[in-house]
Amino acid sequence: LKDRVTLHLGDGAVLRGSADLADYNRDDAYPQNQVFVSERVTGAHLIVALEAEDVAIDGPGVIDGNSAAFYGPPDRPGGKFTLPGKRPGQMICFVECRRVRVADTRLENAPYWTLFLHGCETVTVRGVRIANPFATLNGDGIDVDTCRDVAISDCIIRSGDDSITLRANPAPLKSRGRVCENITVANCVLSTPCNAIRVGVGDGAIRHAVFSNCVISDTRNGICLIGNYSGMSHKGADIEDVRFSNFSMKTVMPFFLFPGTPASARIRDIAFSGIRATGSKASVVRGIPGCRVSDIRFTDIDL
């Protein structure tokens, strides 16, 4: 997508990803592109906007990643799909763009993450419906990585992995001084076999974020804050000034807060209020030697 272009999907329209990886962009198509060899993910994307301004995707139609073309049957009843070969990366990818809008459309069957925003500024995502089978490997809903001034609202997300994620990995970007900040998420319905909301990953910073009025169901972890999620970061992500309010959650574990290992990044100034949740496991707030979580507030919580 180039500057000042809107991809509009009319009612009944379906844009479906090719089953042939040769039809997609090359792994080295742009400098910020990432390839995750350990996850058998290429740098291919169905839709890319690179360093563009005033770009949008809207309309009642469907963008279908055709994940069935890349997966085999689940490895066991209720398990994840098998992966015979390589697969495309993020289905829709906005990289270092300004003034991005994704609204009132359906995103389905992504073979990897569904909607990836990396190093973007001034973003609105509204009224988007995401549906990935629970068996999808790494089938995230919306990943907001090192972005600034982002508003996500009125979305319904059923994902195979994290439903909404805030990340802090500026390393691949041209502008490496960016942080993930000034984020709002409101009025969303989320379900996943992993984390409905995850905050963390990378060696950058995540700050000034507000999550409100969300319903989470059929989910393993409701709210997960972990600075070093994979154990591969140098220090983990600094996470501070994040607010969660007015949630209804049906989960296995409602809350999980942990710096990760190894980690030296801070998790501090986090507030939870007005939350009703059920779970079959206890919630966790945990530090490690030399790296404590601090200033964590739970108010009006019913577990």
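This is a predicted model: local features need pLDDT of at least 70, side-chain atom pairs count only at pLDDT 80 or more; totals for chains, interfaces and linings use all residues.
User: Let's begin with charges. How many salt bridges does the structure hold?

Analyst: Happy to start there. Side chains of opposite charge can pair when their charged atoms come close. Counting a Lys or Arg side-chain nitrogen within 4 Å of an Asp or Glu carboxyl oxygen, the number of salt bridges in the structure is 25.

User: Take Lys174 and Glu51. How many residues apart in sequence are the parts that this pair ties together?

Analyst: Their side chains meet in a salt bridge, at 3.0 Å from N to O. Lys174 lies in the loop between β17 (164–167) and β18 (180–186), and Glu51 in the loop between β3 (47–50) and β4 (53–58), so the parts tied together are apart in sequence by 123 residues.

User: Which strand holds Arg158, the partner of Asp218?

Analyst: The side chains of Asp218 and Arg158 form a salt bridge at 4.0 Å, N to O. Asp218 lies in strand β20 (residues 205–228), and the pair ties together parts that are 60 residues apart in sequence, because Arg158 belongs to β16 (residues 156–158).

User: Over the face of which residue does Arg158 lie?

Analyst: Arg158 is partly exposed, with a relative accessible area of 39%. Besides its salt bridge with Asp218, Arg158 lies 3.9 Å from a ring centre, over the face of Phe134.

User: Now the strands. How many bridges join β20 and β21?

Analyst: β20 has several parallel pairings to look at. With β18 there are 6 bridges, and Cys180 has Ile206 as its partner in β20. With β19 (residues 189–199) there are 7, including the one between Leu190 and Ile216. β20 and β21 also pair in the parallel sense, and the number of bridges is 17.

User: Which residue in β21 stands opposite Val215?

Analyst: The strands β20 and β21 run parallel where they pair. Opposite Val215, the residue in β21 is Ser248.

User: Are the rings of Phe211 and Phe244 stacked or edge-to-face?

Analyst: Phe211 is buried at 0% relative accessibility, and Phe244 is buried at 1%. Their ring centres are 4.8 Å apart and their planes at 10°. Planes under 30 degrees apart meet the cut-off, so this pair is stacked.

User: What is the angle between the planes of Phe244 and Phe247?

Analyst: Phe247 is also buried, at 3% relative accessibility. The rings of Phe244 and Phe247 lie 6.2 Å apart, centre to centre, and the pair is edge-to-face, with an angle between the planes of 75°.

User: Which residues do ring pairs link into a cluster?

Analyst: The structure has 12 aromatic pairs, among them the stacked rings of Phe211 and Phe244. Ring pairs link into a cluster the residues Phe211, Phe244, Phe247, Phe255, Phe272 and Phe298.

Methods. Residues are numbered from 1 along each chain as its sequence is written. Side-chain values use heavy atoms; hydrogens and water are left out. Helices (H or I, at least four residues) and strands (E, at least two) are DSSP runs, numbered from the N terminus. Buried means under 20% relative accessible area, exposed over 50%, partly exposed in between (1.4 Å probe, protein chains only). Two strands pair if DSSP finds at least two bridges between them. Rings of Phe, Tyr and Trp (its six-membered ring) pair if their centres lie within 6.5 Å; planes under 30 degrees apart count as stacked, over 60 as edge-to-face and the rest as tilted. A charge sits over a ring if NZ of Lys or CZ of Arg is within 6 Å of the ring centre and within 35 degrees of the ring normal.
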